[in-house]
Amino acid sequence: GGRAYIQGILTGSSSLVTALGGTAIYADIAPQTQGTVTTPHIVVTFVGGAADSNAKGNQFALEGIFDVKSVTKGMGYGEAASIWNIVAPLLEGVKGTAAGTRVWVTRQGAIDYTENEGGEIYRHVGAQYRVAVCGTA
């Protein structure tokens, strides 16, 4: 699906893997070790989607909306923004194929917030993307 497509693009970037200190690119939630999350990492979360159809009711595209975020620990946004500056160009306007279908990735909006979890400060910087899958390649 769309999440695997996005994760495949990201894990294929040696610059991103180096910045993360490994392939710390997760679906939905980063793993915890004794209640602690290792940062930096990327999280790709499915937030919704729909099938589009034409006037005759024929389905022609499946679309999913995904949040893609760089997550870092600490008070400043510098590290999260630096990692995001690697991620954003990888996903901007991607057109490709997957499993014999055509795929488009388009940015929908920005994500930028702070989370306090158990006294630890986490910065989230990213964007929401629409992934459309249509027809045959």
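Buried residues account for 37% of the 137 residues in the protein. The model described here is a predicted one.

**Overall fold**

The protein contains three helices and eight strands. Read from the N terminus, the order of these elements is α-α-β-β-β-β-β-α-β-β-β. Among contacts between residues at least 6 apart in sequence, 59% join residues at least 24 apart.

**Salt bridges**

The number of salt bridges comes to three.

| Asp28 | Arg3 | 2.8 Å |

In the salt bridge of Asp28 with Arg3, the closest N and O atoms are 2.8 Å apart. This pair links distant parts of the chain, since Asp28 lies in the loop between strand 1 (25–27) and strand 2 (32–33), while Arg3 belongs to helix 1, 25 residues apart. Asp28 has a relative accessible area of 42% and is therefore partly exposed. Arg3, at 23% relative accessibility, also falls between the limits of 20% and 50% and so counts as partly exposed.

Arg130 is partly exposed, with a relative accessible area of 28%.

Glu92 is placed in the loop between helix 3 and strand 6 (95–98), and Arg107 in strand 7 (residues 101–117); the two are 15 residues apart, and the pair links distant parts of the chain. Glu92 is partly exposed at 40% relative accessibility, and Arg107 is partly exposed at 36%.

**Aromatic rings**

A pair of aromatic rings is described by the distance of the centres and the angle of the planes. The count of aromatic pairs in this model comes to two. One of them is formed by Trp84 and Tyr129, a tilted pair with 6.5 Å from centre to centre and 40 degrees between the planes. Trp84 is in helix 3 (residues 78–91) and Tyr129 is in strand 8 (residues 120–134), so that the pair links distant parts of the chain, 45 residues apart. Both Trp84 and Tyr129 are buried.

**Three individual residues**

Ser13 occupies the loop between helix 1 (2–11) and helix 2 (14–20). Its relative accessible area is 9%, which is under the limit of 20%, and Ser13 is therefore buried. When its neighbours within four places in sequence are left aside, Ser13 is in contact with Ile86 and Leu90.

Ile121 belongs to strand 8. With a relative accessible area of 19%, Ile121 is under the 20% limit and so counts as buried. Apart from neighbours within four places in sequence, Ile121 is in contact with Thr72, Lys73, Gly74, Met75, Thr114, Glu115 and Asn116. The C-alpha atoms of Ile121 and one of these residues, Gly74, are separated by 5.3 Å, although the two residues are 47 residues apart along the chain.

**The largest pocket**

The largest pocket holds about 330 Å³ of space. Of the 15 residues that line this pocket, Ile29, Gln32, Val37, Glu115 and Glu117 are the closest to its centre. Strand 4 (41–53), strand 5, strand 7 and strand 8 are the elements that give two or more residues to the lining. Glu115, named here in the lining, is also among the contacts of Ile121.

Definitions and conventions:
Residues numbered from 1 in each chain as written. Predicted model: local features only at pLDDT ≥ 70, side-chain atom pairs only at ≥ 80, totals over all residues. Heavy atoms only, no water. Helix = DSSP H or I, 4+ residues; strand = E, 2+ residues; numbered from the N terminus. Buried < 20%, exposed > 50% of the residue type's maximum accessible area, 1.4 Å probe, protein only. Contact = heavy atoms within 4.5 Å. Phe/Tyr/Trp six-rings, centres within 6.5 Å; stacked < 30°, edge-to-face > 60°. Salt bridge = Lys/Arg side-chain N within 4 Å of Asp/Glu carboxyl O. 1 Å grid on protein atoms, 1.4 Å probe; cavity = no way out; pocket = protein on both sides within 12 Å on 5 of 7 lines; lining within 4 Å. Points joined across faces, edges and corners; volume = space filled by probe spheres on them.
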